[in-house]
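Subject: Structure handover and notes

Hello,

Here is the structure I said I would pass on. Please have it open while you read the notes below.

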Amino acid sequence: MQATSKGTGSPDGRADEGQDAEACRPWRERALAALRDSAWTALGGKVAAYVAGFFALALVGSGHALRLLPDRPADPAAGLAMVAGDPAPVGAAGSPPPEPAADAGAATAEPPPPAVDGGAGAPAGGGVTADGKVVLNLATEADLMRLPGIGPAKAAAILALRAKIKRFRKVDDLLRVKGLGRRSLKRLRPLVLVDPP
């Protein structure tokens, strides 16, 4: 009678060694190997990428992504320098800081640049455009009271909200003012702008 060297496999015992090696592999390696060999892995990865992209676009489209960015004050001089063709606008990263004028009353000191006229829709004197629309981020209490249904109390509430949130990002932000609902907003929407055109 002939005896096998290991277990019940082949007479030389090689089949059992493969099974022992498979059993000794950690479960993570076996799971990753099964995942790599699966036909569903590529499809699952694509679906996960599409879902992540959808949520990223929804976040950007809703405007909530702006709240994730730090608030920076607008620098109109930087915008004018870019329009004039200056490669390094004032205050840009890597550009030298502006030199202070030697004498404020000297003839060499340049006056501040005039406001750029944006055309027919540009603000005439502050928070109201030439065509009569109220600019929410520039309006005074008197400008806001020109709107239908806005009295001194609601105008003050709108200004308080603007001070709290720093600036209006969309006209729908007015819904946060107590006493302004969807119906009032529907009436005000064609009469207001968030920023000057």
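The notes below go from the overall fold to single residues.

This is a predicted model, in which local features need pLDDT of at least 70 and side-chain atom pairs count only at pLDDT 80 or more, while totals for chains, interfaces and linings use all residues. Residues are numbered from 1 along each chain as its sequence is written, and side-chain values use heavy atoms, with hydrogens and water left out.

Overall layout

The chain has 7 helices and 2 strands. Here helices (H or I, at least four residues) and strands (E, at least two) are DSSP runs, numbered from the N terminus. Starting at the N terminus, the order of elements is α-α-α-α-β-α-α-α-β. Of the 197 residues, 19% are buried. Buried means under 20% relative accessible area, exposed means over 50%, and partly exposed is in between (1.4 Å probe, protein chains only).

Core

The largest nonpolar core contains 19 residues. Such a core is a set of buried Ala, Val, Leu, Ile, Met, Phe, Trp, Tyr and Cys residues joined through side-chain atoms within 4.5 Å. The residues with the most contacts inside this core are Leu144, Leu147, Ile150, Ile158, Phe168, Leu174 and Leu180. Helices H6 and H7 each supply at least two residues of this core, and H6 gives the most, with 4 residues.

Salt bridges

How many salt bridges are found in a search of the whole structure? There are 2, counting a side-chain nitrogen of Lys or Arg within 4 Å of a carboxyl oxygen of Asp or Glu.

One joins aspartate 195 to arginine 167, with the closest N and O atoms 2.6 Å apart. This pair links distant parts of the chain, 28 residues apart: aspartate 195 is in the segment after strand E2 (192–193), and arginine 167 is in the loop between H6 and H7. Aspartate 195 is partly exposed at 34% relative accessibility, and arginine 167 is partly exposed at 33%.

The side chains of arginine 189 and aspartate 172 also form a salt bridge, at 2.6 Å from N to O. Arginine 189 is in the loop between H7 and E2 and aspartate 172 is in the loop between H6 and H7, so this pair ties together parts 17 residues apart in sequence. Arginine 189 has a relative accessible area of 41% and counts as partly exposed; aspartate 172 is also partly exposed, at 30%.

Surface patches

Patches are made of residues with over 30% relative accessible area and no salt bridge; like charges are joined within 9 Å, and nonpolar side chains (Val, Leu, Ile, Met, Phe, Trp, Tyr) within 5 Å. Accessible areas come from the Shrake-Rupley method with a 1.4 Å probe, and for residues only the protein chains shown count as cover.

Trp40, Leu43, Val47, Val51, Phe54 and Phe55 make a nonpolar surface patch of about 680 Å². Tryptophan 40 is in helix H3 (residues 40–62) and is exposed, at 64% relative accessible area.

A patch of positive charge on the surface gathers Arg67, Lys164, Lys170 and Arg176. Lys and Arg count as positive and Asp and Glu as negative, with His and the chain ends not counted; a charge is placed at NZ of Lys, CZ of Arg, CG of Asp or CD of Glu. Lysine 170 is in the loop between helix H6 (152–165) and helix H7 (182–188), and at 34% relative accessibility lysine 170 is partly exposed.

Single residues and pairs

Lysine 166 has a phi near 80°, a positive value in a residue other than glycine. Most residues other than glycine have a negative phi. Lysine 166 is in the loop between H6 and H7 and is exposed, with a relative accessible area of 61%.

Glutamate 141 is in helix H5 (residues 141–144) and is partly exposed, at 33%.

Arginine 146, in the loop between H5 and H6, is exposed at 54% relative accessible area. Arginine 146 and leucine 191 are 45 residues apart along the chain, and their C-alpha atoms are separated by 9.9 Å.

Regards
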